[in-house]
Structures are given as structure tokens and as C-alpha cells.
Amino acid sequence: MAGKGIPGLEHLHVWISIPFCFAYTLALLGNCTLLFIIRADAALHEPMYLFLAMLATIDLVLSSTTLPKMLAIFWFRDREISFFACLVQMFFLHSFSIMESAVLLAMAFDRYVAICKPLHYTTVLTRSLITKIGMAAVVRAVTLMTPLPFLLRHFHYCRGPVIAHCYCEHMAVVRLVCGDTSFNNIYGIAVAMFIVVLDLLFVILSYVFILQAVLQLASQESRYKAFGTCVSHIGAILSTYTPVVISSVMHRVARRAAPHVHILLAIFYLLFPPMINPIIYGVKTKQIRDYMLSLFQRKNV
């Protein structure tokens, strides 16, 4: 099999690769720095930062699953990929996207307990529960995505070996199939709707309770301080779900738009959260900011 890159923009691949490479480099540096800081500073071994470490790990895997091969297509025209490698890439891509949604939901639960039940925070969010939440996120993603590679292996592919995309995404592979793919189409949509709608619903519900608790605080300063602890998480949610919503709307509203429009949006969805999340948490989280400043001060001494 082979990836076509961005259909219609093949002549601009080298130029397009520059912002993608820059974004990928930022994602690698930012998320690796977050993981280093959380590991090095014992004060950050709290539930909120353990969930943040999970998010950073997922973002690293998500971006690294697709970007290196994508850059190889843009720079060296290395479009070949084995069918097995294509299925592996697809599995990791979709599985870790589902895990990311689960971790964002877990972080919303963390903020709910911290603000609505602060006295029970340490007894509710124990290391054991955090481990179970992490395992549940992995099991859910793997369970939902495992059927897809096995289903795709048994199809007959007669529409050529070239995927009209930069990476092996489920629907891009399905389009090469000759035969009835209605189950794959329904299953893919059902999983996406189940994950996005259900997880977002619980996130919104958490913030309804958080908002109620914050508004009941006596002073305005206390309200700002309490809600200020949620700003980074809200930023991460917006950076993750906004591209998904935009891409989904574009697929329905602008069906006749050129293929490269949808592909660029899909790449944006993959690159933007891993790049922007470390910046959001680095700027807005005092403990991480303080640790970074202390490192710079040591170097200058």
C-alpha cells in the first residue's frame, strides 16, 4: 500500500511539511519536558499531574504514530507502507485518540472532587483508583478498536493500493474496499459518537457541579482561585474537541470541498492538541512554571 499525501497539493508537500515539522518538534519537546518535570518533582506526584503525565504520553504516541511517516512522504516521497504496518498505524491512531478522551474525562473528575469534595480528595483519588482509571481507559480503547483490523484483513481491495491520505485512517482504508462495508461505516460512526458524546456529556456534567460549588464560595477571590485550577483542563478540552467538531461539521456542510481541505483538518486535529497542551499547562499551572523557573535559575547561578 501507499499513502498519496495530500491530493491536489503534491507540489507543495515540501512547504507544507515545514509547519508540520515545527509543530511535531514542539509536541515532542513540550510533552517530554512535562513528563520530565512530573517525574523529577516529588511535589507533582499528585492525581492531577499523574493524569497530565498520561495525557502527555498519549499525545507523544499520537503524534509519533503518524508524523514521521507523513514527513517521509513529504520530504523523500517514501509513500510505501505494508498492509500490516498500515493496520498497526490505524489501530494506534484511533486507540490513543479514545484514550485521550478518557483521560480528559478523568481530569474533569479530578477537578470535580478537588473543588466539590476537597476534604475527601486524597481518600477518593488514591493511587489505586488512578491506576484503575488508566487501565480502564486502555481496555476501553483496545476493546473498541481491536475488531477493525481483523475486519479489514478479510476484505478484497480492488480500487488500487493508494490511500488518498497522509496516514492510514480507518475510513481512508475502507474506501479501497470492493464489497459491502456498511458494518465498518456504522461501527466507525457509532464508536466516534459513543466516545465523543458520552465523554463530553460527563465532562459538561462535572463542570455544572463545579460551577455550582464555585458560585457558593463566599469571596470573589476564592471563586477565581477555585475556577483558576480548571483553566488548563478547559484549554486542553477545547484544543482536543474543537478540531473534531470543526472536522465533523465540514464533512457534513462542505461535502463538495476539495479532499485536501478535509485532510488538512484531520492533520490539524492530530497535531494541535499535542503541541498546545504542554504550553497551556506550562503557562497556567503554577507548580510546573515554578519548577521551570527554578531550573533556569540554577543554570544562571
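Phe194 sits in helix H8. This is a predicted model, so keep that in mind throughout. At 39% relative accessibility, Phe194 counts as partly exposed. What does Phe194 touch, if we skip residues up to four places away in sequence? Two residues: Leu144 and Asp199. Phe194 and Met48 are 146 residues apart along the chain, and their C-alpha atoms are separated by 25 Å.

Stay in H8 for a moment. The helix runs over residues 182-215, and Ala192 has its place there too. Ala192 has a relative accessibility of 39%, so Ala192 is partly exposed. From Ala192 to Leu264 is 72 residues in sequence, and 19 Å in space, C-alpha to C-alpha.

Next, the record. An unreviewed UniProt entry carries the annotation "transmembrane region" for residues 12-37, 49-75, 81-109, 129-152, 186-214, 226-249 and 261-283. How do two of these spans look in the model? Take residues 186-214: 100% helix, 0% strand, with end C-alpha atoms 41 Å apart. Then residues 81-109: 93% helix, 0% strand, and 40 Å between the end C-alpha atoms.

On to helix H1, residues 13-40. Which residues of H1 are buried? The list includes His13, Phe20, Tyr24, Gly30, Asn31 and Ile38.

Hold on to Phe20. Where does Phe20 make contact beyond its neighbours within four places in sequence? With Ile6, Leu67, Met70, Leu71, Phe74, Leu264, Ile267 and Leu271.

The largest nonpolar core has 77 residues. Those with the most contacts inside it are Ile6, Phe20, Leu52, Phe74 and Ile267. Helix H3 gives the most to this core, with 15 residues.

Now helix H2, residues 47-76. H2 has 30 residues, so at 1.5 Å a residue it should span 44 Å. The end C-alpha atoms are 43 Å apart, which agrees. H2 also has a kink. The kink is about 30° and lies at Ser64, shortly before the proline Pro68. Is H2 enclosed or open? Of its 30 residues, 22 are buried, so H2 is largely enclosed by the rest of the structure.

What follows H2? Arg77, with a positive phi. That phi is about 55°, although Arg77 is not a glycine. Arg77 lies in the loop between H2 and H3. Buried or exposed? Arg77 has a relative accessible area of 68%, so it counts as exposed.

One more loop residue. Thr126 is found between helix H4 (121-124) and helix H5 (127-145). Its relative accessible area is 30%, so Thr126 is partly exposed. Thr126 and Pro47 are 79 residues apart along the chain, yet their C-alpha atoms are separated by 7.7 Å.

Last topic: the cysteines. How many disulfides does the structure hold? One. The disulfide joins Cys86 to Cys168, at 2.0 Å from S to S. What does this pair tie together? Cys86 lies in helix H3, residues 83-116. Cys168 lies in the loop between strand E2 (162-163) and helix H7 (170-174). So the bond ties together parts that are 82 residues apart in sequence. Cys86 has 1% relative accessibility, so Cys86 is buried. Cys168 has 2%, so Cys168 is buried as well.

Cys21 is partly exposed, at a relative accessible area of 22%. Cys116 is in no disulfide either. For Cys116, the nearest cysteine sulfur is that of Cys230, 8.8 Å away. Cys116 is partly exposed, with a relative accessible area of 26%.

Methods
Residues are numbered from 1 along each chain as its sequence is written. This is a predicted model: local features need pLDDT of at least 70, side-chain atom pairs count only at pLDDT 80 or more; totals for chains, interfaces and linings use all residues. Side-chain values use heavy atoms; hydrogens and water are left out. A disulfide is a pair of cysteine sulfur atoms within 2.5 Å. Helices (H or I, at least four residues) and strands (E, at least two) are DSSP runs, numbered from the N terminus. Buried means under 20% relative accessible area, exposed over 50%, partly exposed in between (1.4 Å probe, protein chains only). A nonpolar core is a set of buried Ala, Val, Leu, Ile, Met, Phe, Trp, Tyr and Cys residues joined through side-chain atoms within 4.5 Å. Contact means heavy atoms within 4.5 Å. UniProt positions are given in the numbering used here, feature names are shortened, and annotations may be inferred rather than shown by experiment. The expected span of a helix is 1.5 Å times one less than its number of residues. The bend at a residue is the angle between axes fitted to the seven residues ending there and the seven starting there.
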